[in-house]
Amino acid sequence: MEIKRTKIVDIFNPELVGEHVCVKGWVRTRRGNKHVQFVALNDGSTIKNLQIVFDLQKFTEEQLRPINTGSSLHVEGTLVASQGKGQTVEIQAETVEIYGTADPETYPLQKKGHTLEFLREKAHLRMRTNTFGAVFRIRHHLAFAIHKFFNDRGFFYLHTPLITASDCEGAGDMFQVTTLNLGDLPKNEDGTTDYSQDFFGKSTSLTVSGQLEGELGATALGAIYTFGPTFRAENSNTPRHLAEFWMIEPEVAFNDITDNMDLAEDFIKYCVKYALDHCRDDIDFLCQMYDNSLIERLESVLREPFVRLTYTEGIEILSQAKKKFEFPVSWGVDLQSEHERYLVEEHFRRPVILTDYPREIKAFYMKQNDDGRTVRAMDVLFPQIGEIIGGSEREENYDKLIAEIERRKIPMKDMWWYLETRRFGTVPHAGFGLGFERLILFVTGMANIRDVIPFPRTPNNAEF
Ligand code: 4AD
Ligand code: MG
């Protein structure tokens, strides 16, 4: 009778030594001689491989021949303390069943040491490598940490729609959703498309943010968060942008900008600490392989408070910097990643929260300051990443919000439901959005956002 399978993550347990065990997984390497063969087996539950020892007095060469890199096995045998370096236990195999072979001539991961670029072309298999196994285990633990953080603090997880008729950020980078026949569009008399014949009877798109609906939740349930995919058709081929990315958006009634900053700082620190506490083997591996300052960087974020200063103060520092920037700095410009990274990596050497940005470069919903030219925005800027969080206190005054919507010529008919939060029992409130993949970039030390989401969506890339 087949005995119950033990996951490899659970097998490095001295109490199991001497037991008859069953493991299943994929072969990473095989080596050996005429007397004994060693197979490194991985089942994805941990970065660690388990060594399987095949004594050739018990197995024929014939039997072991199909066991190549990439093949899949079911092995039973005795768990013993290991003599070899690099592992504490190994299995002396007694039986082996080969589930599937992997032809060494055609298996793409036959060799070690492929570049990350090569592996992006093999996104359907790259999770079987040490690097991507580590990254996606960390991604899971961070997602779990995020739910735990908010749940423990009494926030409710709100599911906001992915298909929407409103444009939250007003940036115009939306993917349209339609069932109309693009080859034969119904027209109005003035030549524009007749969306009344479309599925929803109006023009719709994929959401760029769940915030507006999140505000409806916060002004009813008190404190909510969203955690879902968002879509932006911005054609920016950078190592920090995706067309489909995941965002976490907490929104809290009665919070002001300072509460919002405190929440953002606690939240990020919690996530980083959670990863250090729960993903240590994977982080150690990435630290050794790619970036030996990774752990120090993660720990340093936990040690010190984030610097808080206004955009205006930030611009002053940047204009006095000796560094030559590609994009010149003056009051009113939107900060580029080179500016953000200068403040964080060179000037302060700590994460920075910049507040009170010019009204003209931020979204319509942000609370206006009394100076008439800035809004109560906040961006959290991180080493290696630049902007990791964007948020604000919201304009809760109905008249001011209407005036801003009119000034920006945002179609009011699409916004009536949002405006009712300000007509009926309006309250001060604030929230922010954390880019999930940017957090994972920071925690893993990976350099390209395409390497921290299983199947990246970027311009000209939707293969897998
Ligand atoms: O600063 P953003 O555009 O803010 C909002 O969408 C607000 N509605 C959030 C809120 O207040 N509830 O985006 C928030 C974060 C950014 O700081 C960044 O980390 C991430 O989302 N982000 C992206 N991540 C990957 N690819 C992209 N194209 C991204 N655009 C934004
Ligand atoms: Mg932003």
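Predicted model: local features only at pLDDT ≥ 70, side-chain atom pairs only at ≥ 80, totals over all residues.
The chain has 464 residues, and 49% of them are buried. It contains twelve helices and 16 strands. Along the principal axes, the C-alpha atoms fill a box of roughly 85 × 55 × 45 Å.

Ligand 1 is surrounded by 25 residues. The closest are Glu169, Gln211, Arg232, Glu249 and Glu387. By residue class, the shell divides into nine nonpolar, eight polar and eight charged residues. Three strands each supply at least two residues of this shell: β11 (244-253), β15 (386-393) and β16 (429-435). The largest share comes from β15, with five residues.

Polar atoms of the protein lie beside ligand 1 at several points. A polar side-chain atom of glutamine 211 is 2.7 Å from a nitrogen atom of the ligand. Backbone atoms take part as well. A polar backbone atom of leucine 242 lies 3.0 Å from a nitrogen atom of ligand 1. For isoleucine 388, a backbone N or O atom is 2.8 Å from an oxygen atom of the ligand. Taken alone, ligand 1 would expose 630 Å², and the protein buries 93% of that area.

Aromatic rings form 23 pairs in the model. One of these joins phenylalanine 227 to tryptophan 246. The two ring centres are 6.1 Å apart, with 85 degrees between the planes, and the pair is edge-to-face. Phenylalanine 227 lies in strand β10 (residues 223-231) and tryptophan 246 in strand β11, so the pair ties together parts that are 19 residues apart in sequence. Phenylalanine 227 counts as buried because its relative accessibility is 8%, under the cut-off of 20%. Tryptophan 246 has a relative accessible area of 30% and is therefore partly exposed.

Phenylalanine 227 also pairs with phenylalanine 436. Here the ring centres are 5.1 Å apart and the planes stand at 75 degrees. The pair is edge-to-face because that angle is over 60 degrees. Phenylalanine 436 belongs to helix α12 (residues 436-444), whereas phenylalanine 227 belongs to strand β10, so this pair ties together parts that are 209 residues apart in sequence. Phenylalanine 436 is buried, at a relative accessible area of 2%.

Ring pairs also build a cluster. Its members are Phe144, Phe149, Phe150, Phe155, Tyr157, Tyr225, Phe267, Tyr270, Tyr274 and Phe432. The charged end of arginine 153 sits over the ring of tyrosine 270, 5.4 Å from its centre. In another such arrangement, arginine 373 lies over the face of tryptophan 331, at 3.9 Å from the ring centre.

Positive phi angles occur at two residues described here. Arginine 349 has a phi of about 55 degrees although it is not a glycine. This arginine 349 lies in the loop between α9 (337-348) and β13 (352-358). Its relative accessible area is 65%, so arginine 349 is exposed. Asparagine 460, also a residue other than glycine, has a positive phi near 65 degrees. Asparagine 460 is placed in the segment after α12. At 86% relative accessibility, asparagine 460 counts as exposed.

Methods: Residues numbered from 1 in each chain as written. Chains lettered and ligands numbered in written order. Heavy atoms only, no water. Near = heavy atom within 4 Å. Polar contact = N/O pair within 3.5 Å; in protein donor to acceptor, adjacent residues only side chain to side chain. Areas by Shrake-Rupley, 256 points an atom, 1.4 Å probe, with all protein chains shown as cover. Helix = DSSP H or I, 4+ residues; strand = E, 2+ residues; numbered from the N terminus. Nonpolar A, V, L, I, M, F, W, Y, C, P; charged D, E, K, R; others polar. Phe/Tyr/Trp six-rings, centres within 6.5 Å; stacked < 30°, edge-to-face > 60°. Buried < 20%, exposed > 50% of the residue type's maximum accessible area, 1.4 Å probe, protein only. Lys NZ or Arg CZ within 6 Å of the ring centre and 35° of its normal.
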